[in-house]
Amino acid sequence: MPGGRRRGGRWRGQWHGRGLVRTDRSADGSPSRTAGDTVPASSTSPAPGGSAEPVGRCGAEDLEATAAHQADVHPQGTGTGAAVVGFTNTSGAPCVVEGFPTVAGAANGSPEINVPLTVRHTGTAAPVALAPGGRAWVKLTFHQVQGEGDGSCASGEAPVQYPTMVLGLPGGAGRHQVALDDGVFAECDGVVAVTALSAAEPS
């Protein structure tokens, strides 16, 4: 099972710093960018000469997730509280992301073996145009674990730990499996508040 307190198993993915990062092509395994999948020119930077050209949606192969790190602003307690994840455009062309990710807890193995969390949206989604090397961000805020040792949940449920989270980005931008840069994700109740993809890094 992906949940629980066991950290066993090894992952053959790619490590960035101390956090595990894996990217799949798309949520359904299909090609992640389709012809004509563009955003209006008004949401992109003007091209040389003053005209703005439509920019395609980012595909899974265009993005690389950072390791998650604990947010500076988070609920009080002894669990993860809140984590921030970035997605970098590693392609040679601009592309656009928009919307809220899905979130699932997973072990260190296949991202297909996961436990979906209940996602509650925070804020409003808007297109984020990423130049090559540009980065978009999301913040995940969990129901916090309280107390020492195994901890407890205010709801009376038992806390759960996950070595990784699988974030599914909308618009064919793929699923990205990430670990914390230090420790594991610890949460209560299987509920997470998620911000929309943003050009500004959340605190």
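1. Start with Arg175. This residue is found in strand E16, which covers residues 175-178. The model is predicted, so read every value here as computed from that prediction.

2. Is Arg175 buried or exposed? Arg175 is buried, because its relative accessible area is 18% and the cut-off for buried is under 20%.

3. Which side chain does Arg175 touch through a polar contact? The partner is Glu112. The contact between the two side chains is 2.8 Å.

4. Now take the chain as a whole. The protein chain has 17 strands and 0 helices. Strand E16, with Arg175, is one of these strands.

5. How much of the chain is buried? The protein chain has 203 residues, and buried residues make up 45% of them. Arg175 is among the buried residues.

6. Next, the contacts along the chain. Take those with a separation of 6 or more: 77% of them come from residues 24 or more positions apart.

7. The surface comes next. The accessible surface of the protein chain is about 9,800 Å². Carbon and sulfur atoms account for 50% of that surface.

8. Now the cysteines. A disulfide is a covalent bond between the sulfur atoms of two cysteines. How many disulfides does the structure hold? The structure holds 2. With the bonded cysteines numbered in sequence order, the pairing is 1-2, 3-4.

9. The link of Cys58 and Cys95 is right-handed, with 90° about the S-S bond. Cys58 lies in the loop between strand E4 (55-56) and strand E5 (63-65), and Cys95 lies in strand E8 (residues 95-97), so the pair ties together parts that are 37 residues apart in sequence.

10. Are Cys58 and Cys95 buried or exposed? Cys58 is buried, with a relative accessible area of 1%. Cys95 is buried too, at 0%.

11. Another disulfide joins Cys153 to Cys188, again with an S to S distance of 2.0 Å. The torsion about this S-S bond is about -90°, so the disulfide of Cys153 and Cys188 is left-handed. Why does this pair tie together parts that are 35 residues apart in sequence? Because Cys153 lies in the loop between strand E13 (135-143) and strand E14 (160-162), while Cys188 lies in strand E17 (residues 185-195).

12. Check the burial of this pair as well. Cys153 is buried, with a relative accessible area of 7%. Cys188 is buried, with a relative accessible area of 1%.

Terms used:
Residues are numbered from 1 along each chain as its sequence is written. This is a predicted model: local features need pLDDT of at least 70, side-chain atom pairs count only at pLDDT 80 or more; totals for chains, interfaces and linings use all residues. Side-chain values use heavy atoms; hydrogens and water are left out. A disulfide is a pair of cysteine sulfur atoms within 2.5 Å. Helices (H or I, at least four residues) and strands (E, at least two) are DSSP runs, numbered from the N terminus. Buried means under 20% relative accessible area, exposed over 50%, partly exposed in between (1.4 Å probe, protein chains only). A polar contact is a pair of N or O atoms within 3.5 Å; within protein, one must be able to donate a hydrogen and the other to accept it, and residues adjacent in sequence count only if both atoms are side-chain atoms. Contact means heavy atoms within 4.5 Å. Accessible areas come from the Shrake-Rupley method with a 1.4 Å probe; for residues, only the protein chains shown count as cover.
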